[in-house]
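Please read it alongside the sequence and the coordinates displayed below.

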Amino acid sequence: MKNVLVTGASGGIGTRLRVLLKGVYPHLRWSDLKSPPDLAAGEDFVRADLADMGQVETAVAGIDGIVHLGGFSVEGPWDTILNANIIGCYNLFEAARRAGVKRIVFASSNHAVGFYPRRRRIGTDAPVRPDSRYGVSKAFGEALGALYAFKHGLAVTCIRIGNFGDAPIDERRLSIWIKPEDLVQLIRIGLEHPKIRHEIFFGTSDNVRGWWDNEAAFRFGYRPQGRSEDHRDAALAAQAKLAPDRIGDWYQGGTFCGAEYDGDPDLSWV
Ligand code: 15L
């Protein structure tokens, strides 16, 4: 990979990647709706609204591989999700195909499967169970990725990111936390491994409380370095300050599941 585009450059993960990916690829281009405030001279930035195909085409021109972080990163109104995450994701894949881009790493989310109870361990072969319109948009991106991989020959890697940060911030995040460097490892597998067609990985570190079987990622050489248990006391102390959430505490997706919930009050059989 010579020319790599990262969308969502101004978001939390994008901001961190601007540091962690420095020097990894000969040419990095960054894109977002608004320019990062600390953009350095010489950094290649293209402003693009993902909902505008023309702007996306400009952003992907001359690019070999894309890390697609762009879009709306939490639950939102349907119009917002539709434009940023559904139309935006379609525009990105379609513009990439037209431009001859070879690889896409798609930032999916744990919220594509958030409605599995925490007592269940799931692999990437479990059917999606989105916990929000946002989660549905991530399942859509994974499906779109499969279409472009198998029909058009792109190499697509979908990373169901758990919670990205320097440390897990509560009990749920002890199960789903990913250390920034571990996410970089997964992204690099997606951009560089010779045997990728369409893969789904869980974006999680080495968490003994994890709910996910990440065998697919391990097969491609992923060796996470972060261990959430090293941060257990601080995370549990933070958890103790949170109010109980009957639905959110039961399901893997947490508060995304409890929000707007008017489903079955009996959780014992799910
Ligand atoms: C996500 O997908 C979000 O982008 C992030 O803001 C967190 O809410 C994370 O999931 C999480 O589940 O902790």
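## Conventions and a strand residue

Helices (H or I, at least four residues) and strands (E, at least two) are DSSP runs, numbered from the N terminus. Arg47 belongs to strand β3, and with a relative accessibility of 46% this arginine counts as partly exposed, where buried means under 20% relative accessible area, exposed over 50% and partly exposed in between (1.4 Å probe, protein chains only). Between the C-alpha atoms of Arg47 and Trp30, which are 17 residues apart along the chain, the separation is 8.4 Å.

The model is predicted, so that local features need pLDDT of at least 70 and side-chain atom pairs count only at pLDDT 80 or more, while totals for chains, interfaces and linings use all residues. Residues are numbered from 1 along each chain as its sequence is written, and side-chain values use heavy atoms, with hydrogens and water left out.

## Salt bridges between separate elements

Side chains of opposite charge can pair when their charged atoms come close. Taking a salt bridge as a side-chain nitrogen of Lys or Arg within 4 Å of a carboxyl oxygen of Asp or Glu, a search of the whole structure finds 18 of them. In one of these pairs, Glu43 is joined to Arg18, with 2.9 Å between the closest N and O atoms. Because Glu43 lies in the loop between β2 (27-32) and β3 (44-47) whereas Arg18 lies in helix α1 (residues 12-20), the pair ties together parts that are 25 residues apart in sequence. Glu43 is partly exposed at 23% relative accessibility, while Arg18 is buried at 7%.

Arg160 and Glu142 form another salt bridge, at 2.8 Å from N to O. This pair links distant parts of the chain, since Arg160 is in strand β6 (residues 155-161) and Glu142 is in helix α4 (residues 133-152), 18 residues apart. Arg160 counts as buried at 1% relative accessibility, and Glu142 is likewise buried, at 5%.

## Pairing within a helix, and a network

Glu192 and Arg188 are also joined by a salt bridge, their closest N and O atoms being 2.8 Å apart. Both residues lie in helix α6 (residues 180-192), where a spacing of four residues corresponds to about one turn of the helix. Glu192 is partly exposed at 35% relative accessibility, as is Arg188 at 33%. Elsewhere, salt bridges link Glu57, Glu94, Arg97 and Arg98 in a network.

## The ligand and its surroundings

A backbone N or O atom of Ser73 lies 2.6 Å from a ligand oxygen, a side-chain N or O atom of Ser109 lies 2.8 Å from a ligand oxygen, and a polar side-chain atom of Asn163 is found 2.7 Å from a ligand oxygen. Of the 320 Å² of accessible area that the ligand has on its own, the protein covers 79%, with areas taken from the Shrake-Rupley method using a 1.4 Å probe.

Definitions and conventions: A polar contact is a pair of N or O atoms within 3.5 Å; within protein, one must be able to donate a hydrogen and the other to accept it, and residues adjacent in sequence count only if both atoms are side-chain atoms.
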